[in-house]
Amino acid sequence: MLKIIKIILLSIWNVWFYVLAFIGILTTFPLLILFSSSERFYPQFYWIARNIWSNIIMYGMGFYPKLKIKEPMVKGESYMLVANHKSMIDIMLMLSIAKYPVVFVGKKELEKIPSFGYLYRRVAILVDRSSPESRKRVYEKSKKRLDKGLSVCIFPEGGVPDPSVILDPFKNGAFSLAVEFQIPIAP
């Protein structure tokens with residue numbers, strides 16, 4: 001009985017997350033469309049995603065993050081942000097942490113989500129994890145963004161693991177990029 005209640009509550013929790021994500025996109029959609037139209041507008045797109053969209057989700061889910069940053073990021077410097085990926089809220093937390101624009105590397109399957117997928121395809125670096133060629137293109141696209149002074153965020157587990165998994169093995173991509181481009185890793 002307790003297991004059934006847990007499943008029902010988690011289902012409601014997940015649906016509520018997607019409702020909030022949709023509300024955030026819906027309320028900012030014209031600006032997100034405008035600022036995703038060109039890479040030169042990415043800082044403005046990022047500002048909206050960080051300060052409006054992610055906050056609607058985080059606060060709506062009842063999360064009020066308190067950040068303790070030991071070494072702040074320097075504007076104009078590039079970083080490789082890495083974090084484990086236990087839930088979808090991790091993306092909103094990474095947006096909270098990174099004051100300056102960060103480009104996310106994410107799985108290609110998410111581009112199929114209506115409205116979100118359209119924007120996601122335009123601003124993120126997409127990877128088809130089953131394709132070696134796609135993983136190689138991540139390097140090329142990351143270099144282009146790093147050369148513009150942006151940072152890159154990768155969840156090296158390669159996805160949200162099953163809830164029973166504490167930490168999945170990390171893929172090497174984020175660390176290889178950081179070494180290749182000589183940028184600091186911000187865990």
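The accessible surface of the protein chain amounts to about 11,500 Å², and 65% of it belongs to carbon and sulfur atoms; accessible areas were computed by the Shrake-Rupley method with a 1.4 Å probe, and for residues only the protein chains shown count as cover. The structure is a predicted model, in which local features need pLDDT of at least 70 and side-chain atom pairs count only at pLDDT 80 or more, whereas totals for chains, interfaces and linings use all residues. Residues are numbered from 1 along each chain as its sequence is written, and side-chain values use heavy atoms, with hydrogens and water left out.

The secondary structure of the protein chain consists of six helices and five strands. Helices (H or I, at least four residues) and strands (E, at least two) are DSSP runs, numbered from the N terminus. In sequence order, these elements form the pattern α-α-β-α-β-α-β-α-β-α-β. The radius of gyration of the protein chain is 17 Å, close to the 16 Å given by the globule rule for 187 residues, so the chain is as compact as a globular protein of that length. For this comparison, the radius of gyration is taken over C-alpha atoms, and the globule rule is 2.2 Å times the number of residues to the power 0.38. The C-alpha trace spans about 55 × 40 × 35 Å along its principal axes.

Of the 187 residues, 40% count as buried. A residue is buried under 20% relative accessible area, exposed over 50%, and partly exposed in between (1.4 Å probe, protein chains only). Among contacts (heavy atoms within 4.5 Å) between residues at least 6 apart in sequence, 66% join residues at least 24 apart.

The protein chain carries 25 positive and 14 negative side chains, and the centres of the two sets lie 6 Å apart. Lys and Arg count as positive and Asp and Glu as negative, while His and the chain ends are not counted. The place of a charge is taken as NZ of Lys, CZ of Arg, CG of Asp or CD of Glu. Side chains of opposite charge can pair when their charged atoms come close. A salt bridge is defined as a side-chain nitrogen of Lys or Arg within 4 Å of a carboxyl oxygen of Asp or Glu, and by this rule the count comes to six salt bridges.

Lys144 lies in helix H5 (residues 132-147) and Glu39 in the loop between helix H1 (2-35) and helix H2 (42-60), so the pair ties together parts that are 105 residues apart in sequence. Lys144 is partly exposed, at 45% relative accessible area, and Glu39 is likewise partly exposed, at 33%. Glu39, Lys144, Arg145 and Lys148 are linked in a network of salt bridges. Leaving aside residues up to four places away in sequence, Arg145 touches Glu39, Val103, Arg122, Val123, Ile125 and Leu150.

A further salt bridge is formed by the side chains of Lys143 and Asp147 (3.0 Å, N to O). Both residues lie in helix H5, four residues apart, about one turn of the helix. Lys143 is partly exposed, at 36% relative accessible area, whereas Asp147 is exposed, at 55%. The side chains of Lys108 and Glu111 also meet in a salt bridge (2.7 Å, N to O). In this pair, Lys108 is partly exposed, at 37%, and Glu111 is buried, at 18%.
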